Amino acid sequence: MIKCIAIDDEPFALQKLGAYIKKVPYLELVAECQSTFEASEILKNESIDAIFCDIQMPDVNGMEFVKSLPVAPIVVFVTAYSDYAVEGYSVDAVAYLLKPYNEDDFAKAADKVRQRYEMLNTASLSSVDADDAIFLKTEYRIVRLQLSDIQYVEGMSEYLKIYAEHREKPIVVLLSMKKLEERLPSNMFMRIHRSYIINLRAILEVNKNRVIMPGEAYIPIGENYREQFNEYISSKFLGK
């Protein structure tokens with residue numbers, strides 16, 4: 001199931017959007033939000049795959065809200081203003097629903113969400129092989145990467161940047177953080193922020209709410225991940 005939230009400040013429009021989501025067998029409606037603030041709170045605590053978001057809202061413009069997300073889910077914009085269409089695609093929205101839309105219009109948008117979800121979760125990553133390595137599809141190449149060489153992973157919207165030892169540039173793959181996190185061994189890797197997974201063996205220093213990694217990379221420790229990370233550090237700590 002593709003976990004979704006609906007965002008619209010107009011109650012009737014939000015109710016309609018939620019009802020359409022519920023009718024699609026492969027979509028799961030997690031929450032209906034009347035503001036981007038409500039949506040932000042959901043995103044902090046839930047793993048959301050897709051959002052259906054109105055643009056013209058009183059608190060924060062839906063377009064700006066999506067741009068502000070460190071790692072954006074799959075996005076469908078819903079609005080009464082066609083002028084936003086071009087800008088909507090500039091943030092890699094998979095579909096654009098112009099009000100008043102009907103059930104057929106919504107079904108087409110939902111199918112685009114499904115296609116993107118399947119692409120993100122099936123095409124770019126192999127299983128970990130016997131030699132503790134994975135194969136990654138990047139651009140037109142398939143790259144074999146030793147797990148021990150991975151230093152940290154940064155989420156960039158629907159893409160990941162994988163920083164690895166012996167590589168000048170990160171490997172960029174079309175893949176979700178959730179899928180990669182599931183494949184990496186938990187005794188070696190930990191997600192410490194919505195946008196970052198780190199190799200625990202590559203940590204150079206922990207400085208307040210940041211982890212310093214090779215290449216002088218400063219990785220923030222997210223509030224929702226701090227307790228788990230602190231428990232790991234405490235288990236390895238020597239002395240007072």
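**Close-up views of the predicted model**

**View 1. Lys44 and Glu41 lie three residues apart in helix H2 (residues 36–45), and therefore about one helical turn separates them.** Helices (H or I, at least four residues) and strands (E, at least two) are DSSP runs numbered from the N terminus. The two residues form a salt bridge, with the closest N and O atoms 3.3 Å apart; the term denotes a side-chain nitrogen of Lys or Arg within 4 Å of a carboxyl oxygen of Asp or Glu. By this rule the count comes to 10 salt bridges. Lys44 is partly exposed at 46% relative accessible area, and Glu41 is partly exposed at 30% (buried, under 20%; exposed, over 50%; partly exposed, in between; 1.4 Å probe, protein chains only). The model is predicted: local features need pLDDT of at least 70 and side-chain atom pairs count only at pLDDT 80 or more, whereas totals for chains, interfaces and linings use all residues. Residues are numbered from 1 along each chain as its sequence is written, and side-chain values use heavy atoms, with hydrogens and water left out.

**View 2. Strand E1 (residues 2–7) pairs in the parallel sense with strand E2 (residues 27–33) over six bridges.** Pairing requires at least two DSSP bridges between the strands. E1 also runs parallel to strand E3 (residues 50–54), to which four bridges join it. Five of the six residues of E1 are buried, so the strand is largely enclosed by the rest of the structure. Together with helix H1 (residues 11–23), E1 and E2 make a right-handed β-α-β unit; with the strands pointing away from the viewer, such a path from the first strand over the helix to the second runs clockwise.

**View 3. The largest nonpolar core contains 25 residues.** Those with the most contacts inside this core are Leu17, Ile21, Leu27, Phe52, Val76, Phe106 and Val113. Two or more residues are given to the core by each of E1, H1, E2, E3, strand E4 (74–79), strand E5 (95–98) and helix H5 (103–122). H5 provides the largest share, five residues. Such a core is a set of buried Ala, Val, Leu, Ile, Met, Phe, Trp, Tyr and Cys residues joined through side-chain atoms within 4.5 Å.

**View 4. A salt bridge joins the side chains of Lys99 and Asp54 (3.7 Å, N to O).** Lys99 lies in the loop between E5 and H5 and Asp54 in strand E3, so this pair ties together parts that are 45 residues apart in sequence. Lys99 counts as partly exposed at 21% relative accessibility, whereas Asp54 is buried at 3%.

**View 5. In helix H5, Glu118 and Arg114 are four residues apart, which means a separation of about one helical turn.** Their side chains meet in a salt bridge (3.1 Å, N to O). Glu118 is partly exposed at 38% relative accessibility, as is Arg114 at 23%. Elsewhere, salt bridges that share partners join Asp8, Asp54 and Lys99 into one network.

**View 6. Met63 is found in helix H3 (residues 62–68), and Met119 in helix H5.** Met63 is buried, with a relative accessible area of 0%, whereas Met119 counts as partly exposed at 39%. The C-alpha atoms of Met63 and Ala93 are 9.9 Å apart in space, the two residues being 30 apart in sequence. For Met119 and Ser176, 57 residues apart in sequence, the C-alpha separation is 9.6 Å.
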